[in-house]
Amino acid sequence: MTSPSNRGAPVSTEPRINDRIRVPEVRLVGPNGEQVGIVRIEDALRLAQEADLDLVEVAAQARPPVCKLMDYGKFKYETAQKARESRRNQQLTVIKEQKLRPKIDPHDYQTKKGHVARFLSHGNKVKVTIMFRGREQSRPELGYRLLQKLAEDVAELGFVESNPKQDGRNMIMVLAPHKNIKPRSAKQDQDDAVEGDDAAEAAE
């Protein structure tokens, strides 16, 4: 029965090591993974001390518990490094959205296409929505052709993950980035924005 003083205490996720292992015997595994067998805890601790290693409990639920001889400090460091690397390589899927009208102005289309290209270059998926109004709803092919054109224009950065489909008054398509696309830096995006502004001023 848990004593009142231990209630609410955090449960440690750290394995027990060396003198904190309070069992009469353990199933011992050597530093290279070799099976030593079931030994008394005193003998296991002595072997760890002679090898200048730690005795680490790796399977507390086993009977008897499984312990391994290892450099626990090095083990913790390598585990932390792998966890950081895994988080670094893990890609969080973010879905951006871009809305267009079926009869969009060419200049507006170029602006919207630039947004889609930037989203894809950052490794994000893009949900492209064509919004139909009034009589436009009777011409779904306009939206379909526009989505096809957009997909072709950004084909170097992404591909069609979900084909265009009607959803009420809207038509939706999802684009996903190619796996080999490297995320662009914020400076590159800023430079592109400046070039775009210069081009717009020149056109005026």
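Here are legends for a few close-up views of this predicted model.

Residue numbers start from 1 along each chain as its sequence is written, and side-chain values use heavy atoms, with hydrogens and water left out. Because the model is predicted, local features need pLDDT of at least 70 and side-chain atom pairs count only at pLDDT 80 or more, while totals for chains, interfaces and linings use all residues.

**View 1. The four-stranded open sheet.** Take the strands in order and you get β5-β6-β8-β7, with mixed pairing. (Strands are DSSP runs of E with at least two residues, helices are runs of H or I with at least four, and both are numbered from the N terminus; two strands pair if DSSP finds at least two bridges between them.) At the edges stand β5 (95-100) and β7 (158-167), each with a single partner strand, so one side of each has no neighbour in the sheet. Neighbouring strands are turned by 20° against each other on average, direction ignored.

**View 2. Where β5 meets β6.** These two strands pair in the parallel sense, over six bridges. Look for Glu97, whose bridge partner in β6 is Lys127.

**View 3. Helices on the sheet.** α3 packs on the sheet and touches β5, β6, β7 and β8, and its direction makes about 170° with that of β5. α4 lies across β5, β6, β7 and β8 too, running at about 10° to β8. (Axes are lines fitted to C-alpha atoms, for helices over the stretch in contact, and angles run from 0 to 180 degrees between N-to-C directions; contact means heavy atoms within 4.5 Å.)

**View 4. The largest nonpolar core.** This core has 19 residues, and Val116 and Leu175 are among those with the most contacts inside it. (A nonpolar core is a set of buried Ala, Val, Leu, Ile, Met, Phe, Trp, Tyr and Cys residues joined through side-chain atoms within 4.5 Å; buried means under 20% relative accessible area, exposed over 50%, partly exposed in between, with a 1.4 Å probe and protein chains only.) At least two residues each come from α3 (106-121), β6 (125-131), α4 (140-153) and β8 (170-177). α3 gives the most, with five. Beyond its neighbours within four places in sequence, Val116 is in contact with Gln98, Val126, Leu150, Val154 and Leu175.

View 5. The rings of Tyr72 and Phe75 have centres 6.2 Å apart and planes at 25°, so they count as stacked. (Rings of Phe, Tyr and Trp, the last by its six-membered ring, pair if their centres lie within 6.5 Å; planes under 30 degrees apart are stacked, over 60 edge-to-face, and the rest tilted.) Tyr72 is buried at 9% relative accessibility, whereas Phe75 is partly exposed at 39%.
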